[in-house]
Amino acid sequence: MGVSYFGLGLMNLGVLAVAAIVAVSLALTMHIAMEWERVVICRFGAFNRVAGPGLIFTIPIIEQAACHVDMRTISTPFGAEKTLTSDLVPVDIDAVLFWMVWDAKAACIEVENYPQAVSYIAQTAMRDAIGRMSVAEVALSREQLDKELKTVIEEETEPWGIAVLSVKVRDIVIPAELQEVMSLEAQAEREKNARLVLASAEEDISEMIASASGVYENNDAALKIRTMHLLYESIKKSGGTVVTVPSSLSDGLGSSADDLAKALKDR
């Protein structure tokens, strides 16, 4: 009886061992990839295929899932601190890089850690670009800096199966003392432009006045009409009253006033 119990015990252990082996084999065989993932499968260490999304089966020991690659758009913040411009001014720049993997095989095989490598490439490209620009160019040419960084990073990461979607500079920090100097320079430039516009306007006005004087030179009637118009405009603004006197009467009054002044002088 004891022997039979012992045999049953061994049988149960054997069944459990087989079940454990089957469970482990299934665990090593089945892989699940999310909708945005791709799994790189290697057979005996060599690339075999890219699988996913969904349920993936591999041969235990013979095949391995080398890496899971995220195919979504990824945002990577990066920056450069105390980086010298071409005119030796230290600036701090904060930016963000938008990129995605389009070739899972290259991203897994060509580079060890592709997210970290992309970040390093972005930081290096940022420092190189700033070193070729003056502080004024860095502050005023954000779009140009974005395009240059995108081009450089894309050239470096393309062999890894990575596409650069865009680069956006978020913040540029310039030393406080230099900000004041740049503000004064910008204000002086605006004042200069304002004076140039005023001078150009005065030149145009002087040319028009010179042309008008030629018209009024031999036309007394036109000159009188213009004089009355100017008088009307000035009175209209001040709210006064205009009294119109005929020219013959005004001439008579003028001569009488002259005679009266002469008589008083003789006395």
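This is a predicted model: local features need pLDDT of at least 70, side-chain atom pairs count only at pLDDT 80 or more; totals for chains, interfaces and linings use all residues.

User: Why is the pair Cys67 and Cys108 called a disulfide?

Analyst: The cut-off is sulfur atoms within 2.5 Å. The sulfur atoms of Cys67 and Cys108 are 2.2 Å apart, so the pair meets the cut-off of 2.5 Å. By this rule the count comes to one disulfide.

User: What does the pair of Cys67 and Cys108 tie together?

Analyst: Cys67 lies in strand S5 and Cys108 in helix H2 (residues 104–109), so parts that are 41 residues apart in sequence are tied together. Both cysteines, Cys67 and Cys108, are buried.

User: What makes the pair of Trp99 and Tyr114 edge-to-face?

Analyst: Two values decide it. The centres of Trp99 and Tyr114 are 6.1 Å apart, and ring centres within 6.5 Å count as a pair. The angle between the planes is 90°, and planes over 60 degrees apart count as edge-to-face. A search of the whole structure finds one aromatic pair. Trp99 is in strand S7 (residues 90–101) and Tyr114 in helix H3 (residues 114–131), 15 residues apart. Both Trp99 and Tyr114 are buried.

User: How do you know whether Glu35 and Thr157 are buried or exposed?

Analyst: Glu35 has 60% relative accessibility, and since exposed means over 50%, Glu35 counts as exposed. Glu35 sits in the loop between strand S1 (30–33) and S2. Its C-alpha atom is separated by 7.0 Å from that of Gly54, 19 residues apart along the chain. Thr157, in helix H5 (residues 142–157), has a relative accessible area of 0% and is buried. Beyond neighbours within four places in sequence, Thr157 is in contact with Val118, Ile162 and Val164.

User: Why are S3 and S5 said to stand at the edges of the sheet?

Analyst: The sheet is open, with three strands in the order S3-S2-S5 and antiparallel pairing. Strand S3 (46–51) and strand S5 (63–70) each have a single partner strand, so one side of each is left without a neighbour in the sheet.

User: What makes S2 and S5 a pair?

Analyst: At least two bridges are needed, and strand S2 (residues 37–43) and S5 have seven, in the antiparallel sense. Glu37 stands opposite Asp70 in S5.

How values were computed: Residues are numbered from 1 along each chain as its sequence is written. Side-chain values use heavy atoms; hydrogens and water are left out. Helices (H or I, at least four residues) and strands (E, at least two) are DSSP runs, numbered from the N terminus. Buried means under 20% relative accessible area, exposed over 50%, partly exposed in between (1.4 Å probe, protein chains only). Rings of Phe, Tyr and Trp (its six-membered ring) pair if their centres lie within 6.5 Å; planes under 30 degrees apart count as stacked, over 60 as edge-to-face and the rest as tilted. Contact means heavy atoms within 4.5 Å.
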